[in-house]
Amino acid sequence: MGRFAHIADVHLGSNREKSMRDLEMRAFHEAMDRCISEKVDFTILSGDLFHTGIPDLTVVDQALVKIREVRDSGIPVYVIYGSHDYTPSGTSVIDLLTTAGIIQKVVKPHLEEGKLSLEFTEDPRTGAKLSGISARSNGLERKYYEILDRESLEKEDGFKIFVFHSGITEFKPEELSQMETIPLSYFPRNFSYYAGGHIHKAGIYKQPGYDNIVFPGPLVTGYGKDLENSARGEKRGFYIVDFDSAVRKIRFVESTAFSWAYLEFDSTGKSSAEFSGDISSGVEAANVEGKVVVLKLKGMIESGRTSEIDISRIRDRLISRGALHVYLNRHSLFSREYSPVNYVETDLRLLERKLLRENIGNYRGNISSLTGEAGTANAEELLANMKQEQKINESKADYASRKRNEALALLGIRDILEGDSS
Amino acid sequence: MSSEHEGEAVGRIVGGDSASLTIEGNNGANLELDELLVSESSSSDYTVLKINNMSYGPPTNPVVPDAAKSLHDDRRQDREEQDHMFYMARPVLRYSEGKLGIPKVIPQLWSEVRRANKSDFEFLTNNSPDTVFIGKIRSGSRVMDIDIRLNGRDLLTHHVMIPATTGRGKSNLVKVMLWSILSSGRFGILLLDSHDEYYGRTGRGLKEHPDSTERLAYYSTDSVPGSFSLVINLESIEPDHFEGILAFTEAQKQAISLYHRAFKEKWIEAIVRGKEIRESVSEITIRVIQRKLRRVLGIYEENGRIKCESSVFSADSGTTTLVDIVKSLESGKTVILDTSRLGDDGELLIGSIVAGRIFSLYRNYKGSGELDSKAPVSIVVEEAPRILSEDKIAEEGNIYSTIAREGRKFNVGLIAITQLTSVIPRTILSNINTKIILGNEMALEREAIINSAVQDLSDQDRSIASLDKGEAIVSSIFTRFAVPVYTPEFEQFAATERKPRGMNQGLIM
């Protein structure tokens with residue numbers, strides 16, 4: 001009997017606050033430790049190990065320590081690129097770790113006569129065969145699936161695992177209905193296990209010809225909606241799978257690195273003073289010690305302004321009562337004395353996408369990579385790229401030059417601009 | 001008939017009235033039913049006639065002007081040695097001084113008639129991309145090189161019916177229409193394909209369209225690369241969706257309503273689990289509903305988990321299937337739902353769910369002023385009596401009868417395909433403003449078709465009976481007359497119409 005762990009969407013480095021960065025790293029270390037204690041034969045990281053393709057080196061260092069420990073325990077770590085692991089330059093930290101022999105990429109593509117063939121990586125101890133497709137931003141990997149040689153993958157015998165990092169149209173949650181996804185029909189059939197990533201909600205799905213399509217969801221993430229769901233009780237963790245010639249048991253291992261508290265207060269019909277009082281009482285009554293707290297304030301304040309709610313004092317009080325960290329969500333809090341904003345989206349990435357989509361039409365040029373859906377996708381990638389900070393020891397000039405080159409490559413306009421300048 | 005005879009006289013008008021003129025055919029004219037003739041006073045004033053019947057008869061003995069008498073006598077001698085054919089033709093269109101209209105006068109007695117030709121219709125040509133191709137104008141069995149294209153928005157939102165018996169080319173016609181709609185990309189089409197014959201899983205089909213990647217979405221329980229799994233989440237189903245599909249007693253309806261109120265979108269799961277509610281509901285009633293739901297949805301509880309026998313209805317998948325389908329339709333795509341592996345009830349239920357969602361959304365769009373930014377949507381329903389017959393809509397109606405009556409206001413239409421027009425109520429038929437009539441041997445059905453047609457087709461019973469495969473008569477409020485049409489074979493049409501947008505001149509009637 002073989003055993004493997006399936007982890008996805010770790011997003012190390014996604015949180016800005018040090019306290020949360022430490023917690024997300026703690027959750028990852030806990031999962032890695034569990035791989036060792038459960039004596040898994042191998043571990044699959046199905047994308048988005050890091051939150052960016054070139055993350056903070058401190059984060060990389062802390063992760064590397066634990067991944068190497070797993071590898072040194074004789075447990076290979078198989079990975080693919082997630083949508084966040086991708087960089088316009090084509091080289092990310094995942095490649096560095098692969099080159100160093102710490103992890104193994106299972107995507108081995110060959111492009112011949114317009115068809116994409118994939119090789120298998122055979123796990124030496126169990127004989128399990130892994131193959132898969134990495135992600136690009138905004139579901140741009142769809143074109144890989146469209147030209148995928150499914151037949152050769154389906155013909156292969158043995159215990160096969162397909163590793164991917166994409167939403168599948170048939171299984172996407174309702175709140176992600178706008179997400180770019182791949183129809184299940186593009187996936188090769190008859191694999192024993194489909195190790196998915198990208199969907200931040202744990203689930204096991206089946207359709208005729210496709211057994212065990214599994215998304216572990218994240219261990220921890222910094223996205224608003226994910227945080228709220230976690231605090232409201234959605235289980236976070238990863239899967240451990242027992243198998244021989246077929247999958248025998250799939251077990252969800254819940255993350256216990258820290259716990260959550262969810263506090264929600266509704267201001268409807270109250271003055272700002274009354275509402276402040278309600279929050280203070282609620283905060284005092286809640287058990288928040290050793291927990292990450294999501295504090296949601298909502299409703300229409302009858303009199304007074306939202307700014308009269310002393311958020312800093314509430315946050316300080318929660319911290320003084322032992323909360324590890326406090327996330328505040330007041331997107332749905334309004335007052336009659338203040339006009340609400342017209343556009344509310346709790347998921348920053350979706351908000352950015354919607355705004356970019358709305359504004360892409362302002363570009364009047366004829367460069368196809370800057371118009372329509374392609375333009376929106378490229379703008380989103382550019383935005384994500386520009387959020388990457390200057391590296392330690394990188395000069396400002398080098399940073400500016402690197403960003404410029406990455407931007408030109410990403411937008412596919414290097415030739416045009418260089419042509420102009422020459 | 002070869003085109004070299006176009007322009008030559010083929011007969012002359014020898015009698016009749018405004019509804020039916022009698023034409024004595026010239027020797028060897030060999031005119032046919034549905035043939036289009038022209039009687040012209042001048043090139044800018046002519047009347048188009050359509051032959052609806054024919055018979056033998058004795059030669060006429062017309063009083064002719066002296067000047068023409070000797071010529072007439074010669075011809076008379078010739079005619080007496082021949083069989084005589086008389087044709088009954090209806091004046092269907094008059095073109096006079098640049099204006100087109102229904103004939104208010106009839107051509108002069110003894111005036112000659114000739115076969116209609118392309119130039120007689122050229123003033124109607126239009127190359128708008130917003131049109132739907134039906135076929136080419138047919139004059140008898142002769143196909144003229146003139147496309148019949150109807151304005152898509154008018155055609156689709158005012159509903160279309162395609163009555164025909166088996167083997168007369170219904171599927172071919174729909175495929176050809178959908179191909180041209182795909183080319184336009186301006187209309188959303190929902191097609192419930194109970195025989196899985198439109199996409200082209202095994203042969204040629206709509207998937208061959210050059211724009212199919214962007215404009216065609218195929219949902220099936222047996223997926224092919226690029227298709228989507230036909231899987232509907234149980235939470236998408238509402239009690240109304242069963243109307244006209246699954247019969248519930250009053251007690252059962254009341255119980256369902258109570259569960260829906262208590263558990264909202266999880267009402268089916270609650271019933272299957274037998275959850276208790278505050279109001280008293282008989283255990284027997286719940287068990288009967290559970291059985292009915294299991295029969296249609298294949299849903300049951302096992303070891304505390306909700307399971308589905310088929311892959312079509314699911315408790316955990318297909319959450320956004322409806323959203324995705326609606327989004328596709330709104331943006332002018334054609335969505336094919338392959339329901340060939342489902343039972344009748346399952347297929348109708350899925351149709352009801354999607355049609356219900358579309359109708360409700362479009363009604364809201366109208367209210368919010370967004371309707372004009374959404375593509376008009378038409379729902380193709382095969383074997384329409386399954387959902388539009390008297391007994392199916394007798395009591396409270398269903399979503400299809402609602403769309404038939406009210407859909408036009410919200411840019412939602414039906415394309416109803418049927419072998420049995422007679423079982424569809426007049427209230428529904430009268431709302432369907434285009435009938436594309438294919439061949440039909442059954443007199444009762446022909447009578448129902450003729451009675452419900454937009455134009456007076458009372459003299460076309462024989463024409464309808466004699467329509468061959470691919471031949472049709474289009475009767476529509478958007479055509480000036482009941483137009484004889486020939487729809488080319490799909491394979492041939494698709495091969496020649498790879499990119500018809502803006503290139504194909506056709507008639508907008």
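**Helix packing, sheets and the chain contact**

In chain A, the axes of helix H1 (residues 18-37) and helix H2 (residues 57-72) come within 9 Å and cross at roughly 5°. The model is predicted. Angles under 35 degrees count as roughly parallel, and H1(A) and H2(A) are therefore roughly parallel to each other. H1(A) contributes Met25(A), Phe28(A), His29(A), Met32(A), Cys35(A) and Ile36(A) to the contact. H2(A) contributes Gln62(A), Ala63(A), Lys66(A), Ile67(A), Glu69(A) and Val70(A). By class, the residues of this contact of H1(A) with H2(A) are eight nonpolar, two polar and two charged.

Chain A also holds an open sheet of six strands. The strand order is E4-E3-E2-E1-E15-E16 (chain A), and the pairing is mixed. Strand E4 (104-105) and strand E16 (247-254) of chain A are the edge strands, and each pairs on one side only. E16(A) pairs with strand E15 (residues 237-243) of chain A. The sense of this pairing is antiparallel, and seven bridges link E15(A) and E16(A). Within E16(A), Val247(A) is the residue that stands opposite Phe243(A).

An open sheet of three strands is found in chain A as well. Here the order is E17-E18-E19 (chain A), with parallel pairing. The edges are formed by strand E17 (259-266) and strand E19 (325-335) of chain A, each of which pairs on one side only. From one strand to the next, the twist averages 10°. Eight bridges join E17(A) to strand E18 (residues 291-301) of chain A in the parallel sense. Asp266(A) has Lys298(A) in E18(A) as its bridge partner.

Helices accompany this three-stranded sheet. Helix H7 (residues 272-285) of chain A packs on the sheet and touches E17 and E18 of chain A. The direction of H7(A) makes about 155° with that of E17(A). Helix H8 (residues 311-320) of chain A lies across E18 and E19 of chain A. H8(A) runs at about 150° to E19(A).

The contact between the chains takes 16 residues from chain A and 16 residues from chain B. On the side of chain B that touches chain A, the elements that give two or more residues are strand E14 (228-229) and helix H8 (321-330) of chain B. That side of chain B has five nonpolar, nine polar and two charged residues.

Technical notes:
Residues are numbered from 1 along each chain as its sequence is written. Chains are lettered from A and ligands numbered from 1 in the order in which they are written. This is a predicted model: local features need pLDDT of at least 70, side-chain atom pairs count only at pLDDT 80 or more; totals for chains, interfaces and linings use all residues. Two strands pair if DSSP finds at least two bridges between them. Helices (H or I, at least four residues) and strands (E, at least two) are DSSP runs, numbered from the N terminus. Axes are lines fitted to C-alpha atoms, for helices over the stretch in contact, and angles run from 0 to 180 degrees between N-to-C directions. Two residues are in contact if their C-beta atoms, placed from the backbone, lie within 7 Å. Ala, Val, Leu, Ile, Met, Phe, Trp, Tyr, Cys and Pro count as nonpolar, Asp, Glu, Lys and Arg as charged, and the others, Gly among them, as polar. Angles under 35 degrees count as roughly parallel, over 145 as roughly antiparallel, 65 to 115 as roughly perpendicular and the rest as oblique.
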